[in-house]
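The following exercises are meant to be worked through with the sequence and the model in view. Each task is followed by a solution in steps.

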Amino acid sequence: MTVRQLTEIQGFSPVVLADPEREIKNVYIGDLLSWVMGKAQQDDAWITIMSNVNVLAVATLADTACVILAEGVLLDADVKLTAEQKGVNVISTDKSAYEIAKILAKANE
Amino acid sequence: MKELSLNILDIAENSVKANATLTQIILKEDADTVTLSIIDDGKGMSEEILRGVVDPFYTTRTTRKVGLGLPLLKMAAEQTGGEMKISSKQATDESKEHGTSVTATFNKNHLDFTPLGDVASTIVTLIQGHPDTDFYFEHTYLQNSVNFDSREVRQVLGPEIPLNEYEILEWISNTLEEQYKNLYKV
């Protein structure tokens, strides 16, 4: 599934779509940024409730396909601007990390 | 980071990379707060670099000389309602003073407070990796304290013995461990 296809699923909305055709290969869930930096893989959809600018740095370093902000978390305007400038895909949803993971697992079947 | 001791290691490594001859790591703790200071006499940073140093993209976009250490430490402090301050001075023609000082305060009763972790191991790791530079370490809790000064060890052993010999590291580790046994006894 591509990042754009994910945003077309009900309940998901694009925050920043810098590279919408990027393919999601796997999923990583975590909020402790230093931990995520070591564990998240390239092309993962990374689900988190963190929303500061460091999230974008970790997403860039780990080269994740997109950041999915769970449980209604949104980006501040300046962080959103940075995501646009650095080309980081960000999607938001009210769903929990578990619900998002279930949807992604089903889509990958 | 999972433990503040890992943040300390990261920041102190910056000090060593900045050619510090002495890096001071000071933890002051009471019932409610922890204040961490890392003070070095390294080459210091220009005002321009200093302004960008807590922006993770500033550090990742260039040659990554600084890393994510400062942005993550700042975040760890702020998520407990604390803060991080950093000041730095480069040597000039008028003044020979130079170095960088990072101070982070934490409310340790906040749910999002990152545990200190094994600070003693961090100190030993630093000495092991950088036996030719000096480290001063102090951890106080109310009236109690843990102290270590590599300059004192060097004075006793003589300058020709490197501090990263196994027996010396073992001794440093033991002396810290012994002192830590009494730190929280009030």
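A residue is buried if 20 or more other C-beta atoms lie within 10 Å of its own, exposed if 12 or fewer, and partly exposed in between, with C-beta atoms placed from the backbone. This is a predicted model, in which local features need pLDDT of at least 70 and side-chain atom pairs count only at pLDDT 80 or more, while totals for chains, interfaces and linings use all residues. Residues are numbered from 1 along each chain as its sequence is written, and chains are lettered from A and ligands numbered from 1 in the order in which they are written.

**Exercise 1. Overall form of chain B**

Task: State how many helices and strands chain B has, and in what order its elements run.

Solution. Step 1: helices (H or I, at least four residues) and strands (E, at least two) are DSSP runs, numbered from the N terminus. Step 2: chain B holds seven helices and six strands. Step 3: read from the N terminus, the order in chain B is α-β-β-α-α-α-β-β-α-β-β-α-α.

Task: Compare the radius of gyration of chain B with that of a compact globule.

Solution. Step 1: the radius is taken over C-alpha atoms, and the globule rule is 2.2 Å times the number of residues to the power 0.38. Step 2: for 186 residues a compact globule would have a radius of gyration near 16 Å, and the 17 Å of chain B agrees with this. Step 3: the C-alpha trace of chain B spans about 45 × 40 × 30 Å along its principal axes. Step 4: of the 186 residues in chain B, 36% are buried.

**Exercise 2. Helix packing in chain B**

Task: Describe how α1(B) packs with helix α5 (residues 119-129) of chain B.

Solution. Step 1: axes are lines fitted to C-alpha atoms, for helices over the stretch in contact, and angles run from 0 to 180 degrees between N-to-C directions. Step 2: the axes of α1(B) and α5(B) are 9 Å apart, at an angle of about 25°. Step 3: α1(B) and α5(B) are therefore roughly parallel to each other (angles under 35 degrees count as roughly parallel). Step 4: two residues are in contact if their C-beta atoms, placed from the backbone, lie within 7 Å. Step 5: Ser5(B), Ile8(B), Leu9(B) and Ala12(B) in α1(B) meet Val119(B), Ser121(B), Thr122(B), Thr125(B) and Leu126(B) in α5(B). Step 6: this contact divides into five nonpolar, four polar and no charged residues (Ala, Val, Leu, Ile, Met, Phe, Trp, Tyr, Cys and Pro count as nonpolar, Asp, Glu, Lys and Arg as charged, and the others, Gly among them, as polar).

**Exercise 3. The contact between the chains**

Task: Find how many residues each chain gives to the contact, and which helices of chain B take part.

Solution. Step 1: nine residues come from chain B and 12 residues from chain A. Step 2: α3 (56-61) and α4 (69-78) of chain B each supply at least two residues of the side that touches chain A. Step 3: that side of chain B has seven nonpolar, one polar and one charged residues. Step 4: in α4(B), nine of its 10 residues are buried, including Leu70(B), Leu73(B) and Lys74(B).

**Exercise 4. A residue in chain A**

Solution. Step 3: residues up to four places away in sequence aside, Thr48(A) touches Gly30(A), Asp31(A), Val55(A), Val67(A), Leu69(A) and Ala70(A).

Conventions. Parallel < 35°, antiparallel > 145°, perpendicular 65-115°, else oblique.
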